[in-house]
Amino acid sequence: MSLLTQAIIAEKYGVRLDMDQLADLLRIKKKTIQNEIAAGTFGIKTYVDHGRFADYREVASYLDQCQDFARAVSGYTDLGAATRVLVAHTAASGANRDAH
């Protein structure tokens, strides 16, 4: 994971992000995050400690994986081919994690 990504996140949000901060950073609704966590499909590990949080290193790793995936599928016009790349990339990077 990129130290620069970690530094930017830590500078703006601190070392742990609550759900509001995570929603702000990812530009998605907090309820979407909560639903994905409940379904076990959220791509960032979170933990409970008087509220639900994500460690800034986990968030940075997720963003870096998103960037790697975007680079891997750029140029694909066939959704099926892009999906196969996603599956291969996810398996290779170990990104299939438990979000709880």
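## Basis of the model

The model is predicted: local features need pLDDT of at least 70 and side-chain atom pairs count only at pLDDT 80 or more, while totals for chains, interfaces and linings use all residues. Residues are numbered from 1 along each chain as its sequence is written, and side-chain values use heavy atoms, with hydrogens and water left out.

## Overall architecture

The protein chain holds 5 helices and 3 strands, which follow the order α-β-α-α-β-β-α-α from the N terminus. Helices (H or I, at least four residues) and strands (E, at least two) are DSSP runs, numbered from the N terminus.

Of the 100 residues in the protein chain, 30% are buried; buried means under 20% relative accessible area, exposed over 50%, and partly exposed in between (1.4 Å probe, protein chains only). The chain exposes about 6,400 Å², of which carbon and sulfur atoms supply 55%; accessible areas come from the Shrake-Rupley method with a 1.4 Å probe, and for residues only the protein chains shown count as cover. Among contacts with a separation of 6 or more, 55% join residues 24 or more positions apart, where contact means heavy atoms within 4.5 Å.

## Nonpolar core

The largest nonpolar core contains 15 residues, and those with the most contacts inside it are Ile9, Leu17, Leu22, Ile33, Phe42, Ile44 and Val59. Helices H1 (3-13), H2, H3 and H4 (56-73) each supply at least two residues of this core, and H2 gives the most, with 4 residues. Such a core is a set of buried Ala, Val, Leu, Ile, Met, Phe, Trp, Tyr and Cys residues joined through side-chain atoms within 4.5 Å.

Residues up to four places away in sequence aside, Leu22 touches Leu17, Ile33, Phe42, Ile44, Ala54 and Val59.

## Packing of H2 and H3

The axes of H2 (residues 19-26) and H3 (residues 30-39) come within 8 Å and cross at roughly 105°. The two helices are therefore roughly perpendicular to each other (65 to 115 degrees). Met19, Asp20, Leu22 and Ala23 of H2 meet Lys30, Ile33 and Ile37 of H3 in this contact.

## Loop residues with positive phi

Most residues other than glycine have a negative phi. Arg27, in the loop between H2 and H3, has a phi near 60° and counts as exposed because its relative accessibility is 66%.

His50 lies in the loop between strands S2 (47-48) and S3 (52-55). Its phi is also near 60°, a positive value, and His50 is exposed, with a relative accessible area of 81%.

Terms used. Axes fitted to C-alpha atoms, helices over the stretch in contact; angles between N-to-C directions. Parallel < 35°, antiparallel > 145°, perpendicular 65-115°, else oblique.
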